[in-house]
Amino acid sequence: MLGELSAFGLALAISPLHIGLLLLLLLGERPRLRGVGFVLAWWATSTLVVAALLTVGHGLLLTMEKGTAHRTGLDLLAAGALLALGLKELLNRGEENAPPGWADKLERFCALPLPLLLALSIGLQIISPDDLFLFAKTAGSLLEAGLAPGQEVVGTLLFSLASSLLLLLPLLALLLLGSERVLPLLRGGKAWLLARGDALVGLVSLGLALYLGWQGIEGLQLSL
């Protein structure tokens with residue numbers, strides 16, 4: 001289960017829009033304040049969404065064992081959504097190394113006041129269909145395990161840490177190593193992300209779609 005939670009968290013972490021926005025914040029004015037605020041907001045959102053889903057799951061007495069209707073339905077729906085996302089990202093890449101369609105939005109987002117920027121970031125994180133499925137799968141895995149409340153808290157924190165990892169790394173590098181040593185790496189990372197971020201999201205989405213589709217098919221077989 002720990003490996004599954006970490007995998008879901010890392011899949012959530014691969015968000016080129018949010019990573020690109022963080023890199024721009026770290027390359028701009030007041031990078032430490034704005035960068036720390038941005039990463040904390042992402043981490044808190046991941047934690048609170050999973051905690052809310054666990055609370056609802058316990059309140060409705062949901063069971064998430066393999067073969068149950070809601071577990072099988074969630075697996076198949078998530079597989080379908082992630083398959084569609086992966087194919088969309090890979091088929092709509094356009095010319096090699098051409099910037100993705102969301103690249104022009106980053107500069108406008110970065111120029112916003114920090115409270116508004118954080119509100120938009122949280123909104124995008126919550127309404128994204130693939131992110132919602134990953135949150136739901138994480139909560140489902142914790143419900144299936146039948147853990148004590150304290151263990152559920154640990155599992156939720158592990159997921160949120162994994163989901164924040166790709167944001168934490170550049171931020172910690174800036175805080176610990178200083179701007180002069182890190183800024184060239186951040187610029188290089190931004191250029192790489194703009195060139196290949198969509199393809200990376202597509203491949204990760206396809207991999208998760210295959211895994212969840214396999215889980216859903218196994219659930220169907222068990223329910224027959």
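This is a predicted model: local features need pLDDT of at least 70, side-chain atom pairs count only at pLDDT 80 or more; totals for chains, interfaces and linings use all residues.
Residues are numbered from 1 along each chain as its sequence is written, and side-chain values use heavy atoms, with hydrogens and water left out.

View A. Helices here are DSSP runs of H or I with at least four residues, numbered from the N terminus. Arginine 30 is not a glycine, yet has a positive phi of about 45°. With 53% relative accessibility, arginine 30 counts as exposed (buried means under 20% relative accessible area, exposed over 50%, and partly exposed in between, using a 1.4 Å probe and protein chains only).

**View B. The crossing of helix 6 and helix 7.** The axes of helix 6 (residues 114-127) and helix 7 (residues 129-145) come within 5 Å and cross at roughly 70°; axes are lines fitted to C-alpha atoms, for helices over the stretch in contact, and angles run from 0 to 180 degrees between N-to-C directions. Helix 6 and helix 7 are therefore roughly perpendicular to each other (65 to 115 degrees; under 35 is roughly parallel, over 145 roughly antiparallel and the rest oblique). Helix 6 brings Leu124, Gln125, Ile126 and Ile127 to the contact, and helix 7 brings Pro129, Asp131, Leu132 and Phe135, where contact means heavy atoms within 4.5 Å. The residues of this contact divide into six nonpolar, one polar and one charged (Ala, Val, Leu, Ile, Met, Phe, Trp, Tyr, Cys and Pro count as nonpolar, Asp, Glu, Lys and Arg as charged, and the others, Gly among them, as polar). Do look at the loop between helix 6 and helix 7 too, as it holds serine 128, which counts as buried at 17% relative accessibility.

**View C. The salt bridge of aspartate 75 and lysine 137.** A search of the whole structure finds one salt bridge, meaning a side-chain nitrogen of Lys or Arg within 4 Å of a carboxyl oxygen of Asp or Glu. In the pair of aspartate 75 and lysine 137, the closest N and O atoms are 2.5 Å apart. Aspartate 75 belongs to helix 4 (residues 69-91) and lysine 137 to helix 7, so the pair ties together parts that are 62 residues apart in sequence. Aspartate 75 is buried at a relative accessible area of 0%, and lysine 137 is buried at 4%.

**View D. Two aromatic pairs.** Rings of Phe, Tyr and Trp (its six-membered ring) pair if their centres lie within 6.5 Å; planes under 30 degrees apart count as stacked, over 60 as edge-to-face and the rest as tilted. For phenylalanine 135 and phenylalanine 159, the ring centres are 6.0 Å apart and the planes stand at 70°, so the pair is edge-to-face. This pair links distant parts of the chain, with phenylalanine 135 in helix 7 and phenylalanine 159 in helix 8 (residues 149-177), 24 residues apart. Phenylalanine 135 is buried at 0% relative accessibility, and phenylalanine 159 is buried at 0%. Tyrosine 211 and tryptophan 214 form a tilted pair, 6.0 Å centre to centre with 55° between the planes. Tyrosine 211 and tryptophan 214 are three residues apart in helix 9 (residues 179-223), separated by about one helical turn. Tyrosine 211 is partly exposed at 27%, as is tryptophan 214 at 47%.

How values were computed:
Helices (H or I, at least four residues) and strands (E, at least two) are DSSP runs, numbered from the N terminus.
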